[in-house]
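I opened the model and kept notes as I went. The entries below follow the order in which I looked things up.

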Amino acid sequence: SQVVRFLTLTRDWMERNRFNVVAVHCRGGKGRTGSLCCAWLLYSKEAEDAQDALTFYALRRTDLGKNKSKVQGVETPSQVR
């Protein structure tokens, strides 16, 4: 699957050097890309569970200075599941 491939490539990259980072860009970030980012957070054990990953992702991708009323995270219902 492409998700497993993404996780494997990301893990290999992150293990090469402790200073390596992963930057992910897409137009919205509220569906497939957000799901991949949350999958990485779970796989790398940066998040304890799915809800923790979704919350962390939403808080990090939202500019709280501009958008004080709504945190923007993964919103596509089929991908939140």
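**Entry 1: after H2**

Lys45 is a residue other than glycine. I placed Lys45 in the loop between helix H2 (32-43) and helix H3 (50-61). Helices here are DSSP runs of H or I with at least four residues, strands are runs of E with at least two, and numbering starts at the N terminus. I then looked up the accessibility of Lys45. It is 71% in relative terms, so Lys45 counts as exposed. My cut-offs: buried is under 20% relative accessible area, exposed is over 50%, and partly exposed is in between (1.4 Å probe, protein chains only).

**Entry 2: ground rules**

This is a predicted model, in which local features need pLDDT of at least 70 and side-chain atom pairs count only at pLDDT 80 or more, while totals for chains, interfaces and linings use all residues. Residues are numbered from 1 along each chain as its sequence is written, and side-chain values use heavy atoms, with hydrogens and water left out.

I checked confidence next. pLDDT is the predictor's confidence in each residue, from 0 to 100. The protein chain averages 84, and 79% of the residues score at least 70. Confidence is highest in H1, at 96, and lowest in helix H4 (residues 77-80), at a mean of 56.

**Entry 3: the overall fold**

I counted 4 helices and 0 strands in the protein chain. The pattern along the sequence reads α-α-α-α. The chain has 81 residues, of which 26% are buried. I also looked at contacts, meaning heavy atoms within 4.5 Å. Of the contacts with a separation of 6 or more, 44% join residues 24 or more positions apart.

**Entry 4: H1**

I checked the length of helix H1 (residues 2-16). Its 15 residues should span 21 Å at 1.5 Å a residue, and the end C-alpha atoms are 21 Å apart, which agrees. The expected span is 1.5 Å times one less than the number of residues. At the start of H1, I found a side-chain oxygen of Ser1 within 3.2 Å of the backbone nitrogen of Val3.

**Entry 5: H2 and what covers it**

H2 has 12 residues and reaches 16 Å from first C-alpha to last, close to the 16 Å expected. Which residues of H2 are buried? I listed Thr33, Gly34, Cys37, Cys38, Ala39, Trp40 and Leu41. The cover over these buried residues includes H1 and H3.

I took Leu41 as one case. Leu41 has 11% relative accessibility, so it counts as buried. Leaving aside neighbours within four places in sequence, Leu41 is in contact with Glu46, Ala47, Ala53, Phe56 and Tyr57. I also took the C-alpha separation of Leu41 and Leu54. They are 13 residues apart along the chain and 9.0 Å apart by C-alpha atoms.

**Entry 6: aromatic rings**

How many aromatic pairs does a search of the whole structure find? It finds 1. The ring centres of Trp40 and Tyr43 are 5.9 Å apart and their planes are at 35°, so the pair is tilted. The rule takes rings of Phe, Tyr and Trp (its six-membered ring) with centres within 6.5 Å; planes under 30 degrees apart are stacked, over 60 edge-to-face, and the rest tilted. Both residues lie in H2, 3 residues apart, about one turn of the helix. An α-helix has 3.6 residues a turn, so residues three or four places apart point the same way. Trp40 counts as buried at 18% relative accessibility, whereas Tyr43 is partly exposed at 37%.

**Entry 7: cysteines**

I searched the whole structure for disulfides and got 0. The cut-off is a pair of cysteine sulfur atoms within 2.5 Å. Cys37 is buried at 17% relative accessibility. Cys38 is buried too, at 6%.

Last, I looked at Ala23, in the loop between H1 and H2. Is Ala23 buried or exposed? Ala23 is exposed, at 76% relative accessibility. Ala23 and Cys37 are 14 residues apart in sequence, and their C-alpha atoms are 9.9 Å apart in space.

Technical notes:
A polar contact is a pair of N or O atoms within 3.5 Å; within protein, one must be able to donate a hydrogen and the other to accept it, and residues adjacent in sequence count only if both atoms are side-chain atoms.
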